[in-house]
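Hi everyone, thanks for coming. Please have a look at the sequence and the model on the screen, and then I'll walk you through a few side chains.

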Amino acid sequence: QVQLAESGGGLVQPGGSLRLSCAASGSIFSANAMGWYRRAPGKERELVAAVTRVDSTYYADSVKGRFTVSRDNAKNTVYLQMNRLKPEDTAVYYCNVALVPSPEYFASWGQGTQVTVSS
């Protein structure tokens, strides 16, 4: 059973920083690009950043230059460093496989971690 466990969210003021972590079990991590997704209230879940097995990265335009995604293959963990946070970054953040050809490739979603950016 593949499991994904996100952590590191919290309440932060605009301009602040957070670092999210996602530990993945099973073979999912080593075989795939991994990504961070977020779902804001009333919106669809969106991919914000992804990192391949060879450390190529992808960022949504809305986070480019502020967020940095990385992975530690020895620990089966993917990270998201979020700097210069904005209120519009408020969402539940999830990790899962990324850059896959169809939704059937996704593992079961974890609980996510809440990020709230507010003064």
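Let me start with a term: I call a residue buried under 20% relative accessible area, exposed over 50%, and partly exposed in between, using a 1.4 Å probe and protein chains only. This is a predicted model, so to speak, with local features needing pLDDT of at least 70 and side-chain atom pairs counting only at pLDDT 80 or more, while totals for chains, interfaces and linings use all residues. Residues are numbered from 1 along each chain as its sequence is written, and side-chain values use heavy atoms, leaving out hydrogens and water.

Now, the rings. Tyr94 is buried, at 12% relative accessible area, and Tyr37 is buried too, at 7%. Trp109 is partly exposed, at 29%. Tyr94 and Trp109 make an edge-to-face aromatic pair, 5.9 Å centre to centre with 80° between the planes. Rings of Phe, Tyr and Trp (its six-membered ring) pair if their centres lie within 6.5 Å; planes under 30 degrees apart are stacked, over 60 edge-to-face, and the rest tilted. Tyr94 lies in strand S9 and Trp109 in the loop between S9 and S10, so this pair ties together parts 15 residues apart in sequence. Strands are DSSP runs of E, at least two residues, and helices are runs of H or I, at least four, numbered from the N terminus.

The whole structure has four aromatic pairs. Another of them is Tyr37 with Trp109, edge-to-face at 5.2 Å and 90°. That one links strand S4 to the loop, across 72 residues. Ring pairs join Tyr37, Tyr94, Phe106 and Trp109 into a cluster.

Which rings does the charged end of Arg45 sit over? One is Tyr94, 4.8 Å from the ring centre, and another is Trp109, at 3.6 Å. Here I require CZ of Arg, or NZ of Lys, within 6 Å of the ring centre and within 35 degrees of the ring normal.

Lastly, the disulfide. A search of the whole structure finds one, counting cysteine sulfur atoms within 2.5 Å. Cys22 and Cys95 form it, with their sulfurs 1.7 Å apart. Cys22 sits in strand S3 and Cys95 in strand S9, 73 residues apart. Are these cysteines buried or exposed? Cys22 is buried at 1%, and Cys95 is buried at 0%.
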